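Have a look at the structure first.

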Amino acid sequence: MRDRKVHLRASLERLTEAWAPETVAHVNDYDVRVAKLHGTYHWHRHGDTDELFLCLRGGLIIQLRDPVREVVLTEDELYVVPRGVEHRPIAHEEAHVLLFEPRTTDPAGDPP
């Protein structure tokens, strides 16, 4: 995955399943992942790392529990969920996102 150009739209077009990120590049010990999101994901957290969501297409709501609030992302907006914060992404319509997280991070997260 090193020393190659990545076309994000083409990478996303190959995805057929929602909530199944695909790694498209590595930056040091981090994965750059793309995913199609649709529906409501489960509550989870990442105890050891922040998680970056960059909305490329559509819209995304990230519900947070502590403190309780919602972050609404539209195209070309990003949000970083701080480590340890329980969150639940929701996409009422199909959304395309780029995720940036350590290579060892399980996208499913830790149980709440």
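## A buried histidine

At 1% relative accessibility, His 87 counts as buried (buried is under 20% relative accessible area, exposed over 50%, partly exposed in between, with a 1.4 Å probe and protein chains only). His 87 sits in strand 7, residues 87–102 (strands are DSSP E runs of at least two residues, numbered from the N terminus). Its contacts, meaning heavy atoms within 4.5 Å, include Trp 43, Glu 51, Phe 53 and Ile 62, leaving aside residues up to four places away in sequence.

A word on the ground rules: this is a predicted model, where local features need pLDDT of at least 70, side-chain atom pairs count only at pLDDT 80 or more, and totals for chains, interfaces and linings use all residues. Residues are numbered from 1 along each chain as its sequence is written, and side-chain values use heavy atoms, with hydrogens and water left out.

## Salt bridges

The whole structure has eight salt bridges (a side-chain nitrogen of Lys or Arg within 4 Å of a carboxyl oxygen of Asp or Glu). In one of them, Arg 103 pairs with Asp 31, with the closest N and O atoms 3.7 Å apart. Arg 103 lies in the segment after strand 7 and Asp 31 in strand 2, so this pair ties together parts 72 residues apart in sequence. Asp 31 is buried at 4%, while Arg 103 is partly exposed at 39%.

Asp 31 also bridges to Arg 33, at 2.9 Å between the closest N and O atoms.

How values were computed
Helix = DSSP H or I, 4+ residues; strand = E, 2+ residues; numbered from the N terminus.
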